[in-house]
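User: I am new to this structure and would be grateful for a close look at one part of it.
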Amino acid sequence: MTGVDCPLCKNRGYITEISGKHLVSVECRCMAKRRSLREIERSGMKELLERHTLENFKTKELWQAEMKRKAIDFLKGGSGGWFAALGSVGAGKTHLCTAICGELLNRGKGVRYMLWRDESVKIKAAANEADEYERLIIPFKHVPVLYIDDLFKTKRGEQIRPADVNLAFELLNYRYCSKKLVTIISSEKTMSELLSIDEAVGSRIYERCGGFCVELTGNKNRRLL
């Protein structure tokens, strides 16, 4: 097998263990990472992971150093937390969230990437087909680490609709109810704007992130520097 060099299973994908008086084959822990890498490559996140690391996150300004500090502190904590980077366009929110995902992936966590504007359209389009709807949404509900990129981002000129709010609530409420599921969120909306869009969604994000919410205001667009 390729993609991960695992000394435990020698890249076979399984190991043998003693169960009672028998030797049994069980899936190696590296398989979660292998599945995540396949999904990440399919989603287009592979290049992001290669480019966006904590090591190359620049901290020329104090607010950038604070962003990085919160990400590092988040990674020092146990599993089950949420992290959010909200607000100003081009401030490095995607870079930071992607770097966190990369670190968790290296620890063997299953990671899935959800570019909100693309994936939400697909899921909403299947709303009247129960089987297809469940097939599309369940992986995002169950994955150990979910990164939602650009939550509530819409095409230019489009408004956030009730269907968008309903989808966000269904997904985030499921993950809110499990203490083991890690959720990473980036959005151009501030926390007050998320609460204004839907208090149930915003308050869940606020509560589960705790102190691990980076909120940026004003012109901090690094792309224009």
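How many bridges join strand β5 to strand β6, and do these strands run parallel or antiparallel? Please also describe the sheet and the helices around them.

Analyst: The model is a predicted one. Strand β5 (residues 145-149) and strand β6 (residues 182-187) run parallel and are joined by four bridges. Within this pair, valine 145 has valine 182 of β6 opposite. As a general point, the strands of a sheet pair through backbone hydrogen bonds, in either a parallel or an antiparallel manner.

The two strands belong to an open sheet of five strands, ordered β4-β5-β6-β3-β7, with parallel pairing. At its edges stand β4 (111-115) and β7 (213-216), each of which pairs on one side only. From one strand to the next, the twist averages 5°.

Helix α7 connects this description to the helices. Lying across β3 (82-87), β4, β5 and β6, α7 runs at about 150° to β5. Helix α7 (residues 162-176) also packs with helix α9 (residues 199-209), at an angle of about 30° and with the axes 9 Å apart. Since angles under 35 degrees count as roughly parallel, α7 is therefore described as roughly parallel to α9. Their crossing is left-handed. On the α7 side, the contact is made by Val165, Ala168, Phe169, Leu172, Asn173, Arg175 and Tyr176, while α9 contributes Ala200, Val201, Arg204, Ile205, Glu207 and Arg208. Sorted by class, the contact of α7 with α9 comprises eight nonpolar, one polar and four charged residues.

Helix α9 also holds tyrosine 206. Tyrosine 206 has a relative accessible area of 55% and is therefore exposed, the cut-off for that class being over 50%. Between tyrosine 206 and alanine 84 there are 8.8 Å in space, C-alpha to C-alpha, although the two are 122 residues apart in sequence.

Helix α5 (residues 116-125) and helix α6 (residues 130-142) cross at roughly 145°, and their axes come within 8 Å. The crossing of α5 and α6 is left-handed. Here Glu119, Lys122 and Ile123 of α5 meet Tyr133, Leu136, Ile137 and Phe140 of α6. The contact of α5 with α6 consists of five nonpolar and two charged residues, with no polar ones.

Terms used:
Residues are numbered from 1 along each chain as its sequence is written. This is a predicted model: local features need pLDDT of at least 70, side-chain atom pairs count only at pLDDT 80 or more; totals for chains, interfaces and linings use all residues. Side-chain values use heavy atoms; hydrogens and water are left out. Axes are lines fitted to C-alpha atoms, for helices over the stretch in contact, and angles run from 0 to 180 degrees between N-to-C directions. Angles under 35 degrees count as roughly parallel, over 145 as roughly antiparallel, 65 to 115 as roughly perpendicular and the rest as oblique. A crossing is left-handed if the near helix is turned anticlockwise from the far one by less than a right angle, and right-handed if clockwise. Contact means heavy atoms within 4.5 Å. Ala, Val, Leu, Ile, Met, Phe, Trp, Tyr, Cys and Pro count as nonpolar, Asp, Glu, Lys and Arg as charged, and the others, Gly among them, as polar. Two strands pair if DSSP finds at least two bridges between them. Buried means under 20% relative accessible area, exposed over 50%, partly exposed in between (1.4 Å probe, protein chains only).
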